[in-house]
Amino acid sequence: MRRKILITGGSSGIGLALANRLSARHDVMVTGSRDCSEITEVFSPNLIYVQASQSDPEAAVKIIAEALLKAGWVKLDNVVLNAGTGFAVKNAIDDVERVRQTIDINLTATILLSRTLYPWLAKAEGTLTIVGSVAHKGQTLFPVYAASKGALHGFVRALRSEWRGRVAVQILHPGPTKTDMHAKAGHDAGRLRSVFIRPSSMAAMMEYAMSSKRSPLSLSFLKYYLGGSIMGKRL
Ligand SMILES: NC(=O)c1ccc[n+]([C@@H]2O[C@H](COP(=O)([O-])OP(=O)(O)OC[C@H]3O[C@@H](n4cnc5c(N)ncnc54)[C@H](OP(=O)(O)O)[C@@H]3O)[C@@H](O)[C@H]2O)c1
């Protein structure tokens, strides 16, 4: 069955790898804060791009809802709320603006989008997938990022029970993946980066996890080494 899929944070990294992977068999709309001319990675010509900055969560929700209506999409089989950001801190959290930004992008916009997109998902008896992180349990150098992902974990537990029988809800917690996120956050992973999971492999693990609808799921090194990116049911 050809699906209608929306992926936020689809202008780079894991979100774009997932979108490219799914775009051969499904209709995929992706979002990001940058202009489409600033997309530097391979971008399938089948994808629909919508510029919507989640730094202003309410404006982003409005833009995305309008884009769905404009495209004539009346239902969504899958929504992947993947957009995310973080910043590394050494000694103290003294940058209040970055705290606000991180919470707005990672948490507030994700919550508002979940609520707004419910009618689209309910029509298709679809699946909402929220992208957390293995950092949701707390991570040195990334306290605010970890807090936002921990909050998403709790949000999904509540929503999964509230929407049961109508819309499936899951949270996926990726492990370290070779994207630009760490550099953007001001963190150099050094030689450790060489063992990070490739975005295309993470996208494969995500597709299989989405198809299973299970939650919560860690998409960690262990899962990867056990064949998580080559074994699973496709969407
Ligand atoms: N890489 C890892 O090791 C890792 C591990 C665990 C979890 N994750 C999670 O995986 C998700 C994707 O991260 P990634 O590694 O693929 O990093 P990435 O390449 O930096 O991608 C982040 C995506 O989020 C979007 N985004 C960031 N700020 C935004 C804003 N203000 N408004 C709208 N969109 C915004 C970016 O779009 P623009 O650049 O166009 O704004 C981009 O498409 C994130 O939720 C991240 O927390 C990553």
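Some ground rules. Residue numbers start from 1 along each chain as its sequence is written, and side-chain values use heavy atoms, with hydrogens and water left out. Since the model is predicted, local features need pLDDT of at least 70 and side-chain atom pairs count only at pLDDT 80 or more, while totals for chains, interfaces and linings use all residues.

I will start with the ligand. There are 30 residues around the ligand, and those that come nearest are S33, N82, Y145, T179 and K184. A residue counts as near when one of its heavy atoms lies within 4 Å of the molecule.

What is the make-up of that shell, in nonpolar, polar and charged residues? It divides into 9 nonpolar, 18 polar and 3 charged. Here Ala, Val, Leu, Ile, Met, Phe, Trp, Tyr, Cys and Pro are nonpolar, Asp, Glu, Lys and Arg are charged, and the others, Gly among them, are polar.

Next, the polar contacts, meaning pairs of N or O atoms within 3.5 Å; within protein, one atom must be able to donate a hydrogen and the other to accept it, and residues adjacent in sequence count only if both atoms are side-chain atoms. K184 has a polar side-chain atom 2.6 Å from an oxygen atom of the ligand. For K149, a polar side-chain atom lies 2.9 Å from a ligand oxygen. G84 takes part through its backbone: an N or O atom there is 3.3 Å from an oxygen atom of the ligand. On its own the ligand has 870 Å² of accessible area, and the protein covers 94% of it. Those areas come from the Shrake-Rupley method with a 1.4 Å probe; for residues, only the protein chains shown count as cover.

Which helices supply at least two residues each to the shell? They are α1 (13-22), α4 (143-162) and α5 (181-184), and α5 gives the most, with 3 residues. Helices (H or I, at least four residues) and strands (E, at least two) are DSSP runs, numbered from the N terminus.

Now α1 itself. Of its 10 residues, 8 are buried, where buried means under 20% relative accessible area, exposed means over 50%, and partly exposed is in between, with a 1.4 Å probe and protein chains only. The buried ones are G13, I14, G15, L16, A17, L18, A19 and L22. They pack against the strands β1 (4-7), β2 (27-32) and β4 (78-81), and against helix α6 (199-212). Contact here means heavy atoms within 4.5 Å.

On to the aromatic rings. Rings of Phe, Tyr and Trp (its six-membered ring) pair if their centres lie within 6.5 Å; planes under 30 degrees apart are stacked, over 60 edge-to-face, and the rest tilted. By that rule there are 5 aromatic pairs. One of them joins F142 and Y145, edge-to-face, at 6.1 Å centre to centre and 65° between the planes. F142 is buried because its relative accessible area is 7%, and Y145 counts as buried at 9%.

F221 and Y225 make a stacked pair, because their planes meet at 25° with the centres 6.5 Å apart. Both sit in helix α7 (residues 221-225), 4 residues apart, about one turn of the helix. An α-helix has 3.6 residues a turn, so residues three or four places apart point the same way. F221 is partly exposed at 29% relative accessibility, whereas Y225 is exposed at 59%. Ring pairs link F221, Y224 and Y225 into a cluster.

A few backbone details follow. The peptide bond from S215 to P216 is cis, with omega near -10°, and P216 lies in the loop between α6 and β7 (217-219). E125 is not a glycine, yet has a positive phi of about 45°; its place is the loop between α3 (96-124) and β5 (127-131). E125 is exposed, at 61% relative accessible area. L141, also not a glycine, has a positive phi near 80° and belongs to the loop between β5 and α4.

T102, in helix α3, is buried at 2%. Leaving out residues up to four places away in sequence, T102 touches T85, F87, L107, V144, Y145 and S148. With neighbours within four places set aside, S229 is in contact with S201, A204, M205, Y208 and Y224.
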